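Q: Can you walk me through this one? I'm new to reading folds.

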Amino acid sequence: MTDFQKYIQRYLDQVPSGNWLEELKKSGEKTETLYSGLTEEQGHFAYAEGKWSLKELLQHLSDTERVFQYRILAFARGDKAELPGFDEELYTANSFANNRSLESLLEEYRLVRKSSQIMLETFNPSVLNNRGIANGNEIAVETIGKLIIGHNYHHLNIIEERYLPGLK
């Protein structure tokens, strides 16, 4: 197993069932429920110095999903161009998420997730095996779809383990 395969496996292992399209919906609903219960003040909470606030983390989920959406679309459509990686720290630092309302960030997340759902649910199943190169690694459309879910659950687990105890 390559380092890349090991890296993504930690996210793929977070997908709780084989029905990954249903898990896409469930992980989105769980994220919405969690964030809907937070106050604006709580949205600024970070569990340690140098860690992202809850608002920044939500923006990170939207940003990452958008990057993954583009990769999915490009590879599903047969694009052979190698796609770049992205620097999540740079994206977060330049997101100004803490200047936005929690509701605004949550609405963006909902729309990004809905867009992913529509795209993935309406693809011809044959394109799910299409592969391309992103960040120097070959990956299939379906795997990227599953990474959206696993990445989301990964961060929900961090919120539950590290953020929520600090809010009580």
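This is a predicted model: local features need pLDDT of at least 70, side-chain atom pairs count only at pLDDT 80 or more; totals for chains, interfaces and linings use all residues.

Q: How many helices and strands are in the protein chain?

A: There are 7 helices and 2 strands.

Q: In what order do the elements run?

A: From the N terminus, the order is α-α-α-α-α-α-β-β-α. The radius of gyration is 16 Å, close to the 15 Å from the globule rule for 168 residues, so the chain is as compact as a globular protein of that length.

Q: What does the C-alpha trace span along its principal axes?

A: About 45 × 30 × 30 Å.

Q: And what share of the residues is buried?

A: Buried residues make up 43% of the 168. The accessible surface comes to about 8900 Å². Carbon and sulfur atoms account for 49% of that surface.

Q: How many charged side chains, positive and negative?

A: The chain has 19 positive and 25 negative side chains. The centres of the two sets lie 4 Å apart.

Q: Let's do the strands. How do β1 and β2 pair?

A: They pair in the antiparallel sense, over 4 bridges. Strand β1 covers residues 131–134, and strand β2 covers residues 137–140.

Q: Which residues in β2 stand opposite G132 and I133?

A: G132 faces I139. I133 stands opposite E138.

Q: Where do the side chains along β1 point?

A: They alternate. G132 and A134 point to one face and are buried.

Q: Why point out a positive phi?

A: Because most residues other than glycine have a negative phi. N135 is a residue other than glycine, yet its phi is positive.

Q: What about F96?

A: F96 also has a positive phi, about 55°, although it is not a glycine. Its place is in the loop between α5 (88–93) and α6.

Q: Is F96 buried or exposed?

A: Exposed, because its relative accessibility is 52% and the cut-off for exposed is over 50%.

Q: Switching to helices. Where is Q117?

A: Q117 is in helix α6, which covers residues 102–122.

Q: Buried or exposed?

A: Q117 is buried, because its relative accessible area is 11% and buried means under 20%.

Q: Which residues does Q117 contact?

A: Leaving aside neighbours within four places in sequence, Q117 is in contact with L24 and K25.

Q: Now E160. Which helix is that in?

A: E160 is in helix α7, residues 141–167.

Q: How does its accessible area compare with the cut-offs?

A: E160 has a relative accessible area of 34%, so it counts as partly exposed. That class lies between the buried limit of 20% and the exposed limit of 50%.

Q: What does E160 touch?

A: Beyond its neighbours within four places in sequence, E160 is in contact with K30, L34 and P165.

Q: How far is E160 from Y91?

A: In sequence, E160 and Y91 are 69 residues apart. In space, they are 23 Å apart, C-alpha to C-alpha.

Technical notes: Residues are numbered from 1 along each chain as its sequence is written. Side-chain values use heavy atoms; hydrogens and water are left out. Buried means under 20% relative accessible area, exposed over 50%, partly exposed in between (1.4 Å probe, protein chains only). Contact means heavy atoms within 4.5 Å. Two strands pair if DSSP finds at least two bridges between them. The radius of gyration is taken over C-alpha atoms; the globule rule is 2.2 Å times the number of residues to the power 0.38. Accessible areas come from the Shrake-Rupley method with a 1.4 Å probe; for residues, only the protein chains shown count as cover. Lys and Arg count as positive and Asp and Glu as negative; His and the chain ends are not counted. The place of a charge is taken as NZ of Lys, CZ of Arg, CG of Asp or CD of Glu.
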